[in-house]
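Biologist: I am new to this structure and should like to go through it step by step. May we begin once it is displayed?

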Amino acid sequence: MPSFKLGLAQVNTQLGGLRNNLAKHLDLIDDARKEGVDVLAFPELSLTGYMLQDEVPSVACSPTPEDEIFGPLLKASRDLDLLVGFVDVDERYRYYIAAAYLSAGKVVHIHRKVYLPTYGLFDEGRFFSPGETMRAFETRFGRMGVLICEEFWHASSPYLLWLDGADMMLFMSASPVRGLTDSGQLQSVAWVERVNQAYASLFTVHIGHAVRVGFEDGMIFGGRATAFGPAGNLLAAGPDFQEGLTLAEINPDMVRQTRVRLPLLRDERPAWVARQLAQIQQSPATCPSGESQ
Amino acid sequence: MTADDSRLSINTDLARSVLVAFIRDELGRHGFTRGVVGLSGGIDSSIACFLAAEALGPENVLALRMPYASSSPESMEHAELVIDQLKVRSLDISITDMVTPLFDRFPDMSKVRRGNVMARVRMAILFDQSADFGGLVIGTGNKTEILLGYTTLYGDSACAVNPNGDLYKTQIRQLARALGVPEVIINKPPSADLWPGQTDEGELGTTYERVDRLLHLLIDERADPSAAVAAGFEAPFVKETLDRVRLNHYKRVMPPIAKISGRTVGYDFLYPRDWGT
């Protein structure tokens with residue numbers, strides 16, 4: 001598998017402004033094309049903005065060539081792969097925070113966010129339905145997986161993608177950053193970076209994290225997109241608090257090199273884990289059922 | 001559990017870059033590039049003015065001084081230091097002639113009532129001038145006063161955006177030093193200057209250092225009151241502070257609307273303030 005160039009688009013968005021947000025996507029796609037980017041990832045809900053609340057039903061898009069938003073994006077994906085964030089709706093009018101991976105003018109994969117944070121400053125469960133699957137998918141750059149924000153605060157999510165064959169994980173988020181201390185980074189920023197680095201190391205995969213910037217109702221989207229290699233090494237980091245395009249060279253051979261040295265995937269025992277999990281689930285006192293999800 | 005000052009120490013470079021970006025972005029979302037600050041000569045409004053000047057450029061910031069007959073001359077002088085240092089635009093509008101007829105009509109008016117009238121008249125001037133200047137009112141209230149309700153509802157708390165509101169007073173002081181706010185402003189006893197001799201700490205009955213440590217423990221660290229007592233705070237002080245936070249909550253939320261229709265603003269008609277921006 002040859003190396004490829006990953007681009008992480010760090011954008012501010014207009015709340016509900018699909019056309020303006022699309023125009024910004026197309027501009028960044030042009031910039032990325034000039035930089036020789038092969039895969040360009042945008043953040044969570046990049047086409048709609050994050051704090052939509054009651055606006056959710058009016059900003060849902062259909063990832064089809066006929067759609068006025070997805071049509072131009074599909075066209076743009078003919079020569080570079082795109083990952084964009086949008087509001088998806090099913091035939092029974094359930095709305096999802098979703099991501100679409102587009103390549104060669106076609107939709108390769110749709111992921112609907114499974115874990116919807118509904119606590120503290122988050123209220124996603126009030127406005128969205130949870131997705132039901134978390135699967136890896138084939139691309140021209142190898143098998144990948146996509147996770148949206150809260151999903152990668154759950155260790156089970158990258159674990160599932162890992163077992164499903166993803167060697168490149170694309171994370172996208174629009175998480176309000178928070179926690180001012182005497183450190184040079186807000187607490188949540190440092191936490192996410194630590195966790196992503198740990199996932200890259202533990203699963204010996206590449207991870208790219210596309211992040212929102214800007215403010216919505218005082219909530220801060222901090223930027224600093226990152227890419228980590230399979231040895232947990234930082235490959236690239238974007239700027240704080242401003243829009244930008246962060247580039248990272250992804251060399252799939254690094255996965256081979258790391259796994260020869262560190263055969264964590266080879267030694268993983270998913271069937272045994274599944275049996276243990278089934279037994280643990282018999283103890284509702286200690287194990288969350290997740291049924292409410 | 002301890003309650004030392006270090007938990008309140010902040011990275012002032014980070015705070016500064018976030019708050020400057022906040023002012024620029026939130027105003028920009030609504031099509032504004034200018035801001036108006038009511039500059040009292042105190043530390044909170046000085047910080048708001050410094051941040052606004054950095055975010056918008058000094059030529060796009062209007063600092064309003066609105067003295068009353070009994071206002072301390074020092075307040076005007078200190079505000080002038082900030083105006084001169086930042087080179088922001090400024091305008092002086094005395095409120096004396098506006099509030100005196102009301103005070104004369106109700107000569108028994110308590111000083112708290114008089115203070116509230118003054119704060120609300122200043123608010124009316126700020127918003128009026130913001131319309132003329134084509135800017136938004138930048139708020140100055142800090143987290144300590146918001147939590148304790150040490151503010152006049154629809155008075156000094158009124159604004160379009162507030163960069164200071166998630167920083168405790170002791171953190172405001174750290175940021176003020178980093179921004180280069182004149183030391184004389186940072187070091188003087190905080191006062192709303194609504195009557196001669198008034199000081200915040202005199203009215204609150206505690207020091208900002210002490211109450212900020214307690215609030216940080218109770219609010220930010222989500223400690224139980226018993227844990228705060230175990231950390232060294234006197235039980236009556238913990239109770240008074242919590243009561244004060246609870247009793248003043250009405251100042252922090254929109255007034256309740258009687259929900260009698262099928263869809264009601266604030267309950268099930270939910271959009272962010274930045275809706276469509």
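Biologist: Which residues of H5(A) are buried?

Modeller: Please note that this is a predicted model. A residue counts as buried if 20 or more other C-beta atoms lie within 10 Å of its own. In H5(A), the residues that are buried are A:Val189, A:Val192, A:Asn196, A:Tyr199, A:Ala200 and A:Phe203.

Biologist: How far apart are the end C-alpha atoms of helix H5 of chain A?

Modeller: Helix H5 of chain A has 17 residues, 187-203. At 1.5 Å a residue these should span 24 Å, which agrees with the distance between the end C-alpha atoms, 24 Å.

Biologist: Into which domains is chain B divided, and what distance separates their centres?

Modeller: Chain B consists of domain 1 (10-190) and domain 2 (206-255). Taken over C-alpha atoms, the centres of domain 1 of chain B and domain 2 of chain B are separated by 25 Å.

Biologist: Which helix supplies the largest share of the side of domain 1 of chain B that touches domain 2 of chain B?

Modeller: The contact involves 11 residues from domain 1 of chain B and 12 residues from domain 2 of chain B. On the domain 1 side, helix H6 (143-148) and helix H7 (169-179) of chain B each supply at least two residues. The largest share, 4 residues, comes from H6(B).

Conventions: Residues numbered from 1 in each chain as written. Chains lettered and ligands numbered in written order. Predicted model: local features only at pLDDT ≥ 70, side-chain atom pairs only at ≥ 80, totals over all residues. Expected span 1.5 Å × (residues − 1). Buried ≥ 20, exposed ≤ 12 C-beta atoms within 10 Å, placed from the backbone. Domains from an automatic or database assignment. Contact = placed C-beta atoms within 7 Å.
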